[in-house]
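Please find below a short note on this model. The points follow the order in which they may be checked against the coordinates.

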Amino acid sequence: MELPINPIAIPVAAVAALLIGSIWYNPKIGFGNVWMRASGMTEERMKSGNMAIIFGLALLFSALLATLLMQFTNHQWGAIGMVGGDPTIAKPSFEAFMADYGTDFRTFKHGALHGTIFGIFGALPIIGTIALFERKSAKYIFVNAGYWIVTLAVMGAILCGWN
């Protein structure tokens, strides 16, 4: 039995996070100026640091997030979990179940919905809590959480809809 995911979907979803970020945080077309003021970032500080490491780790973190998000967008993973993660040892009823329901709710729209929910109930509280203790503004919270809500919606759509 095949796993219920296109193996290319995870790296594509991870790259999508970086592409969306390049638009979202762009000072000319996105929220870059608002984010820079809210975070205390300067042009000089933006140019410092090893960009290869920054973008490499950002890509790795996005791939990790895509792997987790896949568990929330693709309901078939729940069925695989019920048989201990190894479909080859499952009873015949598992094959029958997957034959009947193996592609249900595998749409871009459904994945976007779950990604959005994951962003609202996952990213927003994490970012919001950190920002409160760092004494950041509501703008900071909403720019960053907004990015993750939109990004997770796109990532969820890719992970769930791309069969």
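**Notes on the predicted model**

1. The model is predicted. Across residues 6-27, the end C-alpha atoms are 34 Å apart, and the span is 73% helix and 0% strand.

2. That span is one of those to which UniProt, in an unreviewed entry, assigns the feature "transmembrane region"; the record gives residues 6-27, 48-72, 112-133 and 140-159. For residues 112-133, the distance between the end C-alpha atoms is 30 Å, with 100% helix and 0% strand.

3. The largest pocket has a volume of about 1,000 Å³. Its lining consists of 24 residues, and those nearest the pocket centre are Tyr25, Trp35, Ile54, Phe55 and Ala58. Two or more lining residues come from each of helix H1 (9-24), helix H2 (32-39), helix H3 (43-47), H4 and helix H8 (138-161).

4. Which element gives the largest share of the lining of the largest pocket? H4 does, with eight residues.

5. A nonpolar patch lies on the surface, made up of Ile53, Leu57, Leu60, Phe61 and Leu64. Together these residues have about 490 Å² of accessible area.

6. Leucine 64, one of the patch residues, is located in helix H4 (residues 51-73). Is leucine 64 buried or exposed? Its relative accessibility is 52%, so leucine 64 counts as exposed, the cut-off for that class being over 50%.

Note on methods. Residues are numbered from 1 along each chain as its sequence is written. This is a predicted model: local features need pLDDT of at least 70, side-chain atom pairs count only at pLDDT 80 or more; totals for chains, interfaces and linings use all residues. Side-chain values use heavy atoms; hydrogens and water are left out. Patches are made of residues with over 30% relative accessible area and no salt bridge: like charges are joined within 9 Å, nonpolar side chains (Val, Leu, Ile, Met, Phe, Trp, Tyr) within 5 Å. Accessible areas come from the Shrake-Rupley method with a 1.4 Å probe; for residues, only the protein chains shown count as cover. A salt bridge is a side-chain nitrogen of Lys or Arg within 4 Å of a carboxyl oxygen of Asp or Glu. Helices (H or I, at least four residues) and strands (E, at least two) are DSSP runs, numbered from the N terminus. Buried means under 20% relative accessible area, exposed over 50%, partly exposed in between (1.4 Å probe, protein chains only). UniProt positions are given in the numbering used here, feature names are shortened, and annotations may be inferred rather than shown by experiment. On a 1 Å grid over the protein atoms alone, a cavity is a set of points where a 1.4 Å probe fits but cannot get out, and a pocket is an open set with protein on both sides within 12 Å along at least five of seven lines; lining residues have an atom within 4 Å of a point. Grid points are joined across faces, edges and corners, and a volume is the space filled by probe spheres set on the points.
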